[in-house]
Amino acid sequence: MILVDSKLRLFLRHIVFCAFEVVDGLGRCWFLLLATLTVAFLMAFVPQGREALWATGSAGQVWHVRAFFATSLSGAVLVMLFASAILEAGRNTDSPDSHLQEYVRFAVPGLIGLLAAFLVPLLIELQVGGNSWLLPQRREELRELGTLFQRLAVPAIVLSRCPKVLYLLIFPWRADRRQRFGLAALIAFGSLGMCLFAIPFGAGVLVLALGQIAIDIFWWRTGQEPAMRLWRRRAAAILAGIWIIAGLWLGVRPESRAELLGPATLILFAESFWLAVVFAIYAVIGRWLTQGVSVVVVLVLALSFVSGPFNLRAVRTLNRDHASQNSEPVSLSKHIDAWLESRRAKIEASPTTYPVFVASAEGGGIRAACWTAGVLAALQDSEPAFSDHLLGISGVSGGSLGAATFVSLVHDAKLERIESTPSKSEGSIGPLQFHADKILGRDFLSPVLATMLIPDVAACLLHYEGAKDRASVLEKSFEIAWRNAMKTDTFDRPLPALWTEDSKLQVPALFLNSTEADTGVRIVNGHVTLDAEISPAISLPMAIPSHALRLSTAVLLSARFPVISPIGLIRNPAEDDELHIVDGGYADNSGTVTAAEIVTALNASAIRLGLRDKVRAVGIVITDNPIVIGDEASDADRQHRENLESTAAGAVLAPFETMDRIRQSLSKKHREAFSDSVRGSGGDVLDGFSLQASRIEFPLGWMLSNGTRSALTDQIERLSNDPAGDFQRVRQFIQATREPRKSDSK
């Protein structure tokens with residue numbers, strides 16, 4: 001009895017000691033765990049992160065799937081080797097429980113490596129499985145990635161820690177008894193991983209983690225041989241060197257190289273790059289790093305980063321030698337006078353009031369850009385006279401990119417660079433819509449992420465402002481997207497180049513809305529300036545010549561998302577002052593405040609020119625914040641949100657969600673005020689161009705997957721085919737102005 005109690009106490013002592021060693025080992029690798037958790041949180045709980053994953057797993061993206069898997073698995077191996085280096089630095093072979101310590105030091109890095117490989121898919125599975133209405137088909141899109149991890153993660157971790165396993169797999173007769181059991185266990189769990197796709201993903205990962213622990217029981221002695229420890233140190237050094245070289249290669253040309261990898265891969269890529277840099281530093285000074293010194297180093301680096309030039313960068317401008325030497329921008333009232341005078345004959349000959357459209361394009365990243373450009377291009381394809389009736393577009397953020405894309409397409413069509421007749425180019429969509437989708441279908445997020453996570457972080461740590469920043473890289477991505485699709489340099493050229501002498505009254509005007517960061521005042525940029533007696537906004541051409549900004553730069557000044565883009569700094573020589581410019585959505589995300597001022601100026605010009613009874617202002621309100629149709633879908637989505645909000649992740653995301661809801665509420669009030677103003681002056685408002693929520697999520701950001709863009713196109717097609725919708729009302733307004741045919745009047 002006493003002997004049994006003694007053995008039980010010894011067993012319990014070993015269990016407690018082993019648990020202590022596991023916790024201690026995880027604690028020593030705290031920053032590896034923190035990096036893994038941070039990246040997984042961003043990719044699983046931020047909508048644009050999920051969209052990046054779904055784009056990776058969508059059909060036709062075989063290369064991106066393989067790149068994501070290879071990056072994730074090699075990054076997990078680096079994390080595992082780094083953890084091994086940290087734990088083996090504190091080896092104590094004199095302890096009576098040294099065998100338990102040796103086992104833990106071999107097993108814990110393997111478990112950390114598995115966590116790094118599986119955490120993102122696990123959290124995504126949790127997100128997808130937790131919402132019965134939203135995105136059920138996404139599970140299928142990610143199944144291939146999950147299957148790859150389940151099949152190869154455990155063998156990769158085992159072989160990278162102890163390559164002698166591979167040798168013994170080839171020459172099994174040279175293995176001792178314990179090693180033979182280990183080979184059998186590895187083959188068994190490797191085969192099991194091939195079949196785990198048939199069970200829930202979380203359960204499969206748990207099985208593999210337990211299998212990893214069991215396999216390590218047989219291999220830890222072999223893995224702790226001096227030759228294997230030396231292998232791990234050298235393999236970590238080589239792998240870290242490869243990652244550093246790859247990161248530098250990417251950081252030199254992110255605008256052209258990042259898209260090869262895809263945004264989901266890039267997030268993991270950047271994580272591995274910085275872990276490789278930290279490992280290189282650790283390899284040099286690790287022997288002097290105690291826990292206290294490590295904390296001090298981390299605090300110093302954190303202080304250097306938070307005080308570095310990350311969030312305020314000078315705006316890219318054109319030199320006078322390269323900028324077009326346009327005359328001073330004309331005021332809005334004079335522009336409208338000239339615009340109406342150029343159409344006086346058609347206005348007076350019209351059998352009904354002549355519709356003058358003023359469009360507003362809501363902000364919302366690439367979602368807004370694709371929706372805005374798609375809707376306007378579809379209108380133009382179905383009714384080629386639409387652009388002649390469109391006075392201007394007030395765009396915000398991503399809506400500005402969509403508006404600029406449409407106006408640029410109209411400009412090129414006027415110059416006969418592209419076909420603009422209603423003939424079909426691709427399936428059921430017209431030529432301009434086809435080109436708009438081709439231009440905006442590019443992955444704009446990858447270059448931004450690559451720049452933000454590598455060059456921008458390095459510049460911030462070193463307090464160096466000379467490097468290219470993520471805003472300029474995104475602008476170049478806009479230019480590349482247009483150039484690749486249209487074979488011209490429209491987005492590289494100065495903003496006013498869209499309105500040449502031949503086209504200045506034939507191409508709709510752009511009003512790109514931004515916000516002055518210090519005061520919250522609205523800033524409006526374009527080739528015309530707002531009249532001071534009509535608008536309190538700052539007209540940017542009064543602070544900096546409009547021909548000094550490329551079209552791509554002008555667009556991004558309206559779309560400087562927080563964090564994703566730095567605050568734009570423009571120096572105003574006339575007033576010896578600086579403008580700090582941020583996203584237009586801060587002041588008004590709907591674009592209708594500026595649109596209302598344009599309508600006011602239009603009505604004043606019509607009265608001044610004696611055309612008040614002949615002209616009708618028609619507002620086109622384009623909104624892209626998905627609205628939910630149907631109580632069942634709404635209830636399911638609300639329940640999912642409530643479940644998320646009750647968690648710690650929800651506490652982190654809640655302030656951003658609240659700010660977004662406030663922005664939506666203000667936008668709704670601005671739209672209502674715009675409608676009241678236009679209708680009160682005898683005009684009409686067409687607000688049936690709203691994006692509807694569906695089982696496809698439409699996230700904010702700079703990248704949409706192929707499936708999401710197809711869902712947008714399908715909604716535009718439904719709008720155009722609705723005989724009672726506002727799409728057809730636009731066509732009816734225009735068709736009513738045409739003179740009756742002689743055959744009809746007989």
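Trp30, Phe31, Phe82, Phe279 and Tyr282 are linked into a cluster by ring pairs. Rings of Phe, Tyr and Trp (its six-membered ring) pair if their centres lie within 6.5 Å. The model is predicted: local features need pLDDT of at least 70, side-chain atom pairs count only at pLDDT 80 or more, and totals for chains, interfaces and linings use all residues. Residues are numbered from 1 along each chain as its sequence is written, and side-chain values use heavy atoms, with hydrogens and water left out.

**Aromatic pairs**
- The structure holds 16 aromatic pairs.
- One of them joins Phe171 and Trp173, with 5.6 Å centre to centre and 80° between the planes.
- That pair is edge-to-face (planes over 60 degrees apart; under 30 is stacked, the rest tilted).
- Phe171 is partly exposed, at 28% relative accessible area, whereas Trp173 is exposed, at 59% (buried is under 20%, exposed over 50%, partly exposed in between, with a 1.4 Å probe and protein chains only).

**Helices α16 and α18**
- Helix α16 spans residues 365-382 and helix α18 residues 398-414 (helices are DSSP runs of H or I, at least four residues, numbered from the N terminus).
- Their axes come within 6 Å and cross at roughly 30° (axes are lines fitted to C-alpha atoms over the stretch in contact; angles run from 0 to 180 degrees between N-to-C directions).
- α16 and α18 are therefore roughly parallel (under 35 degrees; over 145 is roughly antiparallel, 65 to 115 roughly perpendicular, the rest oblique).
- The crossing of α16 and α18 is right-handed (the near helix is turned clockwise from the far one by less than a right angle).
- Contact residues include Gly365, Ala369 and Leu376 of α16 and Gly398, Leu401 and Phe406 of α18 (contact means heavy atoms within 4.5 Å).
- By class, this contact has nine nonpolar, seven polar and no charged residues (Ala, Val, Leu, Ile, Met, Phe, Trp, Tyr, Cys and Pro are nonpolar; Asp, Glu, Lys and Arg charged; the others, Gly among them, polar).

**Helices α20 and α21**
- α20 (residues 445-462) packs on α21 (residues 470-486) at about 155°, with axes 9 Å apart.
- α20 and α21 are therefore roughly antiparallel.
- α20 passes α21 in a right-handed crossing.
- Pro447, Val448, Thr451, Met452 and Asp456 of α20 meet Arg470, Val473, Leu474 and Ser477 of α21.
- These residues divide into five nonpolar, two polar and two charged.

**Glu597**
- Glu597 lies in helix α23 (residues 592-608).
- Glu597 is buried, with 8% relative accessible area.
- Leaving aside neighbours within four places in sequence, Glu597 is in contact with Leu332, Arg522, Leu530, Ile534, Ser535 and Pro536.

Key:
Helices (H or I, at least four residues) and strands (E, at least two) are DSSP runs, numbered from the N terminus.
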